[in-house]
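Morning, everyone. Let's look at the charged side chains first, then at a hairpin and a surface patch.

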Amino acid sequence: MDKLELKALGKINLGLDVLGRRENGYHDVRMVMQTLYLYDNVTLQKKSAPGIEIDSNLFYLPNDEDNIAWKAAKLLIDEFDIKDGIRIHLDKHIPVAAGMAGGSTDCAAVLYGMNKLFDLQLSQKKLRKVGVKLGADVPYCLMRRTALSEGIGEILTPLAPLPDCPILIAKPSISVSTRYVYEHLKLNEETLHPDVDGIVSALKAKDLYGVTDRLGNVLETVTIPEHPVIADIKQQMMQSGAVNALMSGSGPTVFGIFDDEDKAKKAFEDMKASGLARQIYLTRPFNQKIKSTRKNQRKR
């Protein structure tokens, strides 16, 4: 095998709580993560000459060691003394710097793909240990399912999947620094923490409304005051019939969960007409039962 084409799936956070900050600057979190069928196409190809080549369909993405996918390839090449080189192409669709783990999932795809291409025989558990060296979301992106994420994101517990439903994704024409958001997060006795345990219980009961009633993200307290358009997008989704809407990760992407396909399609068109978002997708949750032939449903 000399070439491999992979789908690197994005994620949203149904619940995102921050418990505190460690001395090393990392934060302890409790998050309910949900993989979406919204993906980047990642192509890996061996080359006889040593070295790493990386490019993408986005001119502004780095094509060197500043790209986390490049770092993933370098880490495995060094650790296993791989003599061949690797060519990586990223066909990006997941919004960049948007709270959907776009970089982390590309990184995870490179780890998974190189493990296959070079027959490294690493278990997923071992790949996750490698992945956390590169980014806190990378182990989850290797997992590709609904999960409770704890610690700095490396402690993962599989959860019952989110019931199938239409999910509208909208990213405004801004980018957000995850580092900035976490550095400016203030936690005190007035902090409203999401009911993560309640979300976990609702997932187990296959109760979509039990999940949507408890959606919460403490990072909104930082990102929304900086970028009020996020609140505008949430309001637009609710007015268009979303059961609930929330910012994903550190933002600025917003997702809305719907219980009706026609409402979701109309909300998609309403969001386009509003001019609030630059990238808009209508998709669904991904779980292990969904076949890889399924396409992104709608894309602006």
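Start at Asp81. Its relative accessibility is 49%, so Asp81 counts as partly exposed. The cut-off matters here: exposed means over 50%. Now its partner. Asp81 and Lys83 meet through their side chains in a salt bridge, 3.0 Å from N to O. Lys83 has a relative accessible area of 58%, so Lys83 is exposed.

Keep in mind that this is a predicted model.

Next pair: Arg214 and Asp195. Their side chains form a salt bridge too, at 3.2 Å, N to O. Where do Arg214 and Asp195 lie? Arg214 is in the loop between α7 (208-212) and β8 (216-217), and Asp195 is in the loop between α5 (178-183) and α6 (196-204). So the pair ties together parts that are 19 residues apart in sequence.

How many salt bridges does a search of the whole structure find? The count is 16.

One more of these. Glu53 pairs with Arg87 in a salt bridge, and their closest N and O atoms are 3.0 Å apart. This one links distant parts of the chain: Glu53 sits in strand β3 (residues 52-56), Arg87 in strand β4 (residues 85-91), and the two are 34 residues apart. Glu53 has a relative accessible area of 35%, which makes it partly exposed. Arg87 is at 34% and counts as partly exposed.

Now the hairpin. Strands β5 (residues 147-151) and β6 (residues 155-158) pair in the antiparallel sense, over four bridges. Which residue stands opposite Ala147? Pro158, in β6. Three residues separate β5 and β6 in this hairpin. Look at the turn: Gly153 there has a positive phi of about 120 degrees.

Last stop, the surface. Lys125, Lys126, Lys129 and Lys133 gather there in a patch of positive charge. Take one of them. Lys125 lies in helix α3 (residues 124-131). Is Lys125 buried or exposed? At 59% relative accessibility, Lys125 counts as exposed.

To recap: a search finds 16 salt bridges, β5 and β6 form a hairpin, and four named lysines, Lys125, Lys126, Lys129 and Lys133, make up a positive patch on the surface. Over to you for discussion.

Conventions:
Residues numbered from 1 in each chain as written. Predicted model: local features only at pLDDT ≥ 70, side-chain atom pairs only at ≥ 80, totals over all residues. Heavy atoms only, no water. Patch = residues over 30% accessible without salt bridge, like charges linked within 9 Å, V, L, I, M, F, W, Y side chains within 5 Å. Areas by Shrake-Rupley, 256 points an atom, 1.4 Å probe, with all protein chains shown as cover. Lys, Arg positive; Asp, Glu negative; His and termini not counted. Charge placed at Lys NZ, Arg CZ, Asp CG, Glu CD. Buried < 20%, exposed > 50% of the residue type's maximum accessible area, 1.4 Å probe, protein only. Pairing = 2+ DSSP bridges.
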